[in-house]
Every structure is written in structure tokens, then in C-alpha cells.
Amino acid sequence: MAIYYLVRHGEADYSEMFEKGFYGFGRSFAPLSEKGIAQAEETATDERLKSAELIVSSPYTRALQTASIISRKTGVKIHVEVDLHEWEPDKTNQYTTSEEAFALTKEFNLYKGKYPEGQQKNWETLDEVRKRMRSVADKYADYDRVIFVGHGMAFRTLAYIEQMKPAEIIECNYEIGQEDCVYSFH
């Protein structure tokens, strides 16, 4: 059984992405805000993280920047895992505003992550996210301790977490084939 430290990225700053017209998937380039950097710096001092063998990071800038800060403080090597990305509100990447993304999230929540009977939507379903996240978690189950740096909504499907704050650590035990990642707050 592996111990996973699920770390949500620090607070992001999307202002430059909006100024440059980066919409849809382009929002993934958003870096951490000054507050997000401070959050990541604080998280990186948690003693549990020093015992990890590997940091596995989402490819999104805000997660990579958080992982980099943790790596610098702990000396733990980073591996980028493409499938550790955030939930996709629109798999066609056609949305252009935060309001559209929020509306798609509201729709996802309304239908509890499943398309309504007889309707096809473009957002990633809860089952799709859960399957993707489990495939990532399974890859690293032979390690003793791994830090995963990624996104709250994606992590919530792995461990059924209600909510994650920016740069929060959720420690959980993971074993291939178990129903969910068993976690506790510290």
C-alpha cells in the first residue's frame, strides 16, 4: 500500500491569460499568483513531504510551479504525468469565458457528473475523470510515498474529498483495486 500526498496547486492568476485571449485549454498556462506562491512555499515545509520518493505533477503551469517549489524545498524529483490534468469542462475547448466554464461546472454538478438521459454533453463525465485518475494512481502504487500535485476537482474523484483549499495536502493510503483512496486530514 502506498501513501499518497495529494497537493492541490496554489492560487492561480488568470489575468494574463485573459489579456492574451487564451481561452479553453489556454487557461492551463496560468501561473501562480503571489498568494499562490506563498501558499506553495508554506506547503513545501510540511515534514511529511520530505519522505516522498517522487513528485508527480499535472502538466498545467500552476501545478508545475507548485511542484517545482516543493521539489526545491524537499529535493524530491518531479515527473510530469499528462493524465493528472484537471477536469475538462468542454472536451472541444470551445468555451471562451470563465462564466461559460462555471456554467458547465454547475451543469456537471446538477447532473452529478453523468450526462442526462438521452443527451450528449461535451464535459468530461465523473466516471471518465475517475478512470483517468485511477490509472495515474495505479502507475505509482509500488512506491511507498508519492506527492501528487494537481487539481482539486480531479483529486476529489480519487478520494471523494468534499473540497480542497489551494496548496492543501490530503494524505491517503492507496492500493490498486480498492474502491477509493482512504484519507485523513492532518
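This is a predicted model: local features need pLDDT of at least 70, side-chain atom pairs count only at pLDDT 80 or more; totals for chains, interfaces and linings use all residues.
Residues are numbered from 1 along each chain as its sequence is written. Local features need pLDDT of at least 70 and side-chain atom pairs count only at pLDDT 80 or more, while totals for chains, interfaces and linings use all residues; side-chain values use heavy atoms, leaving out hydrogens and water.

Seven aromatic pairs are present, a pair being two rings of Phe, Tyr or Trp (its six-membered ring) with centres within 6.5 Å; planes under 30 degrees apart count as stacked, over 60 as edge-to-face and the rest as tilted. With ring centres 5.3 Å apart and planes at 20°, Tyr 4 and Tyr 174 are stacked. Because Tyr 4 belongs to strand β1 (residues 2-8) and Tyr 174 to strand β5 (residues 169-174), the pair ties together parts that are 170 residues apart in sequence. Strands (E, at least two residues) and helices (H or I, at least four) are DSSP runs, numbered from the N terminus. Both Tyr 4 and Tyr 174 are buried, that is, under 20% relative accessible area with a 1.4 Å probe and protein chains only. Tyr 115 and Trp 123 make an edge-to-face pair, with 4.9 Å from centre to centre and 65° between the planes. Trp 123 is buried as well, at 0% relative accessibility. One aromatic cluster brings together Tyr 4, Tyr 140, Tyr 143, Phe 148 and Tyr 174.

Attention now turns to the pockets. On a 1 Å grid over the protein atoms alone, a pocket is an open set of points where a 1.4 Å probe fits, with protein on both sides within 12 Å along at least five of seven lines; lining residues have an atom within 4 Å of a point. The largest pocket holds about 750 Å³ of space. Its lining has 31 residues, and Tyr 14, Arg 62, Glu 86, Trp 87 and Thr 105 lie nearest the centre. Two or more lining residues come from each of α4 (98-110) and α6 (152-159), with α4 giving the most, four residues.

The second largest pocket has a volume of about 280 Å³. Among the residues lining this pocket are Phe 108, Lys 112, Leu 126, Arg 130, Met 153 and Tyr 160. Here α4, α5 (126-139) and α6 each give two or more residues, and the largest share, three residues, comes from α6.

Key: Buried means under 20% relative accessible area, exposed over 50%, partly exposed in between (1.4 Å probe, protein chains only). Grid points are joined across faces, edges and corners, and a volume is the space filled by probe spheres set on the points.
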